[in-house]
Protein chains: 2
Amino acid sequence: MKQELLDKVGCYEFLAEPFHCDFASRLFMGHLGNHLLNAADFHSNDRGYGMNYLMPRHKTWVLSRLAIEMQEMPKSYDKFYVETWVESAMKYFTSRNFKICASVSDGSEAEKVYGYGKSVWAMIDTETRQPVDIFSIHDGLIKEYIETEKPCPIAASSRVKMGKDAELVRTIHTYYNDVDVNGHINSVKYIEHVLDLFDLDYYKTHFLQRFEIAYVAESHQGDQLNFYVEKVGDGGKTEKDASVNEPQKMEEFCIKITKISQNSDIEVEVVRSKVKFIKK
Amino acid sequence: MKQELLDKVGCYEFLAEPFHCDFASRLFMGHLGNHLLNAADFHSNDRGYGMNYLMPRHKTWVLSRLAIEMQEMPKSYDKFYVETWVESAMKYFTSRNFKICASVSDGSEAEKVYGYGKSVWAMIDTETRQPVDIFSIHDGLIKEYIETEKPCPIAASSRVKMGKDAELVRTIHTYYNDVDVNGHINSVKYIEHVLDLFDLDYYKTHFLQRFEIAYVAESHQGDQLNFYVEKVGDGGKTEKDASVNEPQKMEEFCIKITKISQNSDIEVEVVRSKVKFIKK
């Protein structure tokens, strides 16, 4: 029996819980990231190609890239909505977009939009860890859900280039609460660890306008994580679109995370990230 | 106009979100703690003595103690319910209980109960940091909501005694994501930091049956936190009720957290905690 198709766009309601908000009562980016991942999860489950279907078949979605760009962060106790849809699907990768808004989106000019997100996902076999053909699921069902018209007006994740001079600024250990159900360091925890590189005082004077992260390899509990930071525009690099973006008000940082596993001294890159702050 | 009284017991639905679950697909205790705090928040807001009423009046609830005892942890994607009610109220402290169950509680023997919680709260003035008379809020309205009949069959938080031999096992720094809206280290983050003292391998062979924590003083971003651990029963101490509790299957640890603030070398106690694991 053919399942009836749902709307291409799913919409999910969330609450900016008080303990998920920062010193300024604004939702932490890490918790927003978690809500986007939940929305992706609900959306794909509802449509038959989510974890509920994949897990018993030893397959899983793997988040490869995530970019989030915000005009404003929801405040403590704000209800907000995450819309999500699949913008494109290829054999080994899908692009999924997000829109974060204050009310159910009606496309009117009056609606309040907090921001947008873009993500890239792969599917793997959990036993072989090899990529899976996404179109093998329900005979390419996901193709019925491609939505290309709905706007998501932010740049996709770029390839974050790091110079050789990036500075090692922090080394941390990984613990029980960092580890997800796959035994890997949780995608959201990396977001928190990256944003923890900036001081509370920095957040008091800067708004985190854009956050992007690419997951390069997996790390495990007990791994030591090294954080390298490079300020964009430093070291003689030129700032693109400087005149448009008022560079004096903007600060961009590229971050590379490497791991050193227990009983090893090989340093392996696990994450690249880029963050953009606007001076308040 | 007198507001109509609601039920004394509030019931709130939550979802064990996949990224809030550990390697074994069980909800992390820290996230459960967060849900209990949310339930407390919703319950008191609905009844007129919550943060929504207090914050504009420069008052706030402060969590003083929390004990959680579980028979089982909700699994990934489980819906569960947190019931909460105020068991007693005095001038400067209230006791609030929690019941965590798989369905809306009907008191039948068939209902599945995950566990229970007990907490103690004070109210303070956010400007003077001094205690506030809880009965000054709406002319003692909270007294209308005392529920003493509903069972919560776990021990209240005890005074955690630490010997002089507790070992310093970890020192961590505190960062942006640790800090709550009051500028203090978030109550839930302490739960995570305490439980991070135990290794993934330990959780594979032990069930966290009881967690309790007492908040002694506040710490701030930039403070260094020191963790001291003492195993109960070690060092010649006797285990009460040893015959009943099958001590060979149980391991208890007392944990003390101290802070050393920036530009200071004074070590101040901020948290005491006690955890009880059952060997699987």
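Modeller: Before we start, a salt bridge here is a side-chain nitrogen of Lys or Arg within 4 Å of a carboxyl oxygen of Asp or Glu. Also, keep in mind that this is a predicted model.

Colleague: Good to know! How many salt bridges does the rule find across the interface of chain B and chain A?

Modeller: The rule finds 2 of them there. In one salt bridge, the side chain of Glu192(B) meets that of Lys189(A), with 3.6 Å from N to O.

Colleague: Which helices of chain B each supply at least two residues to the side that touches chain A?

Modeller: Those are α1, α2, α3 (187-195) and α4 (200-205). The largest share comes from α1(B), with 6 residues. By class, that side of chain B has 19 nonpolar, 10 polar and 9 charged residues.

Colleague: How much area do chain B and chain A bury between them?

Modeller: About 3,700 Å², with 53% of it on carbon and sulfur atoms. In chain B, Phe19(B), Tyr176(B) and Asn177(B) lose the most area to chain A, together 22% of what that side buries.

Colleague: Changing topic: where does Gly50(B) lie?

Modeller: Gly50(B) sits in the loop between α1 (29-46) and α2 (51-54) of chain B.

Colleague: Is Gly50(B) buried or exposed?

Modeller: Buried, because its relative accessibility is 1% and the cut-off for buried is under 20%. Leaving aside neighbours within four places in sequence, Gly50(B) contacts Ser44(B), Asn45(B) and Trp61(B).

Terms used
Residues numbered from 1 in each chain as written. Chains lettered and ligands numbered in written order. Predicted model: local features only at pLDDT ≥ 70, side-chain atom pairs only at ≥ 80, totals over all residues. Heavy atoms only, no water. Helix = DSSP H or I, 4+ residues; strand = E, 2+ residues; numbered from the N terminus. Buried < 20%, exposed > 50% of the residue type's maximum accessible area, 1.4 Å probe, protein only. Contact = heavy atoms within 4.5 Å. Buried area = accessible area lost by both parts, 1.4 Å probe. Nonpolar A, V, L, I, M, F, W, Y, C, P; charged D, E, K, R; others polar.
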